[in-house]
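Please look over the sequence and the structure shown below before reading the briefing. The notes that follow are grouped by topic, for a reader who is new to this structure.

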Amino acid sequence: MLSGPFALDRPALHPQLPPSRPGGRAGGNAAMATRLVSRRFRAPLAHPGARLRILLQSPQAAALEGLFPARLNSTSQAMAVLASSLMRTGGFVGGRWVQSAAVFPVRDPASGAELSRVADCGVAEAQAAVRAAYEAGVAWSGVSAKVRKEKRRQERAALLRKWYNLMIENKDDLARIITAENGKPLKEAQGEILYSASFLEWFAEEARRIYGDIIPSSTKDRRVLVLKQPVGVAAIITPWNFPSAMITRKVGAALAAGCTVVVKPAEDTPLSALALAELANQAGIPAGVYNVIPCSRQQAAAVGEVLCTDPLVAKISFTGSTATGKILLRHAAGTVKRVSMELGGHAPFIVFDSADVDRAVAGALASKYRNSGQTCVCTNRFLVQRGIHDAFVEKFARAIKTELHIGNGFDEGTTQGPLINEKAVEKVERHIDDAVSQGASIVTGGKRHSYGKNFFEPTLLSNVTTGMLCTQEETFGPLAPVIKFDTEEEALAIANAANVGLAASY
């Protein structure tokens, strides 16, 4: 069995590798492959992608490719991201790449391979980033007496446009970074990059149109004049499921308005944020305007507290879980910061007897299994009226089996990549076990996939009731529970019973 970054799970004979000697130890060609890989990866090399290139360009590469053709190729592509010119492993503070006292690993969720080790920024780095953003804010906002505000707005627009152009020029590399660290199919990652870049394009144009307003007053001899001014430093805390788009959506608006930012990306996916920092630097975004402080899960609470309590931070923008959002709100209350939060979802999908079953199934498939069910607006509960219920479940199950294909995100044809980590898989399992223990039936799926520990079969449950965990909590995985209802009033009551939403379909 191969070891290290090529942790594959089926030793097999291969004609291009020397056969085992008679009476030799068990393992034969697979053991040879293990020794081959370990020898090639022993020496430290200056560039993080150099080891991979040596292996892939060696005469033995073809032998390894044949030994484990599909998975080695996929893992190789994930590891090849290390050779990208956009790969960075330090924090980005005040226009400089900075290291920290510790590092943390970033892993490919498909294989478990370590992609890189990234600076584990802590309280000191967070404070430095806030200070750098604050000091850069005077010039960037255009309030300096030496720079006309209109000219500064034009400069901001031009720089955002350059950043957008660089994203488009590097869209393939950026997409591969997403697939490597997040696991989503490459096609979805490519779509995310275009979506992500579009925010910079949009806000580049809007930067030119930051107008005030004149509002009629109740007093005849007075007018109310409204001026729009940047609030200051914005702390941007982003999730792992859209590691590029959730940054540009927030940062594009902030920078266009004249604010400066400190980005704390999710610990599972910091490489996309750092790649964006590299492109921002190339675009000429001034030092201190865009800062990134990656950190491990162990440091996240302390870094988050700094961003929410530092008096130099004026605004918090967070996308993530409701539980984390509540913690950040408590921290931000002490200095009464402006706060924008997009928290947990629990989206219902309602199918009435009058629906076209085929169209309903197509919509259900798209709304549930995008990014393996790991999006905040994914359907979490399917409510299907009794008269159409059985036909819908039957066709939905058939579509899941025929149209969804599990695999590494780099494999052509893959529609379902891995979940982000073991904790995410365990939550899906917990929801299924709870539902089944209360009488739900597994129509299809229901267990981990043999492809790897973070892969889970797209699952469909029937006979689901509102007392089950999967109808009360956001699963954030490839689980589709179907609840049968009789009347419209009943469906609306079930749909509205949750205290969170974000999306709904019918």
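How far is the sulfur of Cys121 from the closest cysteine sulfur, and which residue holds that sulfur? The closest cysteine sulfur to that of Cys121 is in Cys295, at 7.3 Å, which is too far for a bond. This is a predicted model, in which local features need pLDDT of at least 70 and side-chain atom pairs count only at pLDDT 80 or more, while totals for chains, interfaces and linings use all residues. Residues are numbered from 1 along each chain as its sequence is written, and side-chain values use heavy atoms, with hydrogens and water left out.

**The chain as a whole**

- The protein chain contains 16 helices and 16 strands, where helices (H or I, at least four residues) and strands (E, at least two) are DSSP runs numbered from the N terminus.
- Of the 506 residues in the protein chain, 52% are buried, a term that means under 20% relative accessible area, with exposed meaning over 50% and partly exposed in between (1.4 Å probe, protein chains only).
- Taking contacts (heavy atoms within 4.5 Å) between residues at least 6 apart in sequence, 72% join residues that are at least 24 apart.

**Cysteines**

- The structure holds 0 disulfides, a disulfide being a pair of cysteine sulfur atoms within 2.5 Å.
- Cys121 counts as buried, because its relative accessibility is 1%.
- The sulfur of Cys376 has its closest cysteine sulfur in Cys378, 8.3 Å away and therefore too far for a bond, and Cys376 counts as buried at 18% relative accessibility.

**Helix H5**

- Helix H5 covers residues 123-141, and its 19 residues should span 27 Å at 1.5 Å a residue, which agrees with the 26 Å between its end C-alpha atoms; the expected span is 1.5 Å times one less than the number of residues.
- H5 bends by about 30° at Glu135, the bend being the angle between axes fitted to the seven residues ending there and the seven starting there.
- Among the buried residues of H5 are Glu125, Ala129, Val130, Ala136 and Trp140, and the helix is followed by Gly142, which has a positive phi near 85°.

**Helix H16 and the segment after it**

- In helix H16 (residues 488-495), the buried residues are Ala491, Ile494 and Ala495.
- Seen down the axis of H16, these buried residues fall within an arc of 100°, so they line one face of the helix; the arc is that of the directions from the helix axis to the C-beta atoms.
- The buried residues of H16 pack against strand E12 (347-351), strand E13 (379-385) and strand E16 (479-485).
- Ala498 lies in the segment after H16 and counts as partly exposed, at 23% relative accessibility.

- Strand E5 (residues 213-216) and strand E6 (residues 223-226) run antiparallel and are joined by 4 bridges, where two strands pair if DSSP finds at least two bridges between them.
- A hairpin of 6 residues joins E5 to E6, and Ile215 has Val224 as its bridge partner in E6.
- Ser372 lies in the loop between helix H13 (357-369) and E13, has a positive phi of about 55° although it is not a glycine, and is buried with a relative accessible area of 4%.
- Phe476, in the loop between strand E15 (459-462) and E16, is a residue other than glycine with a positive phi, near 60°.
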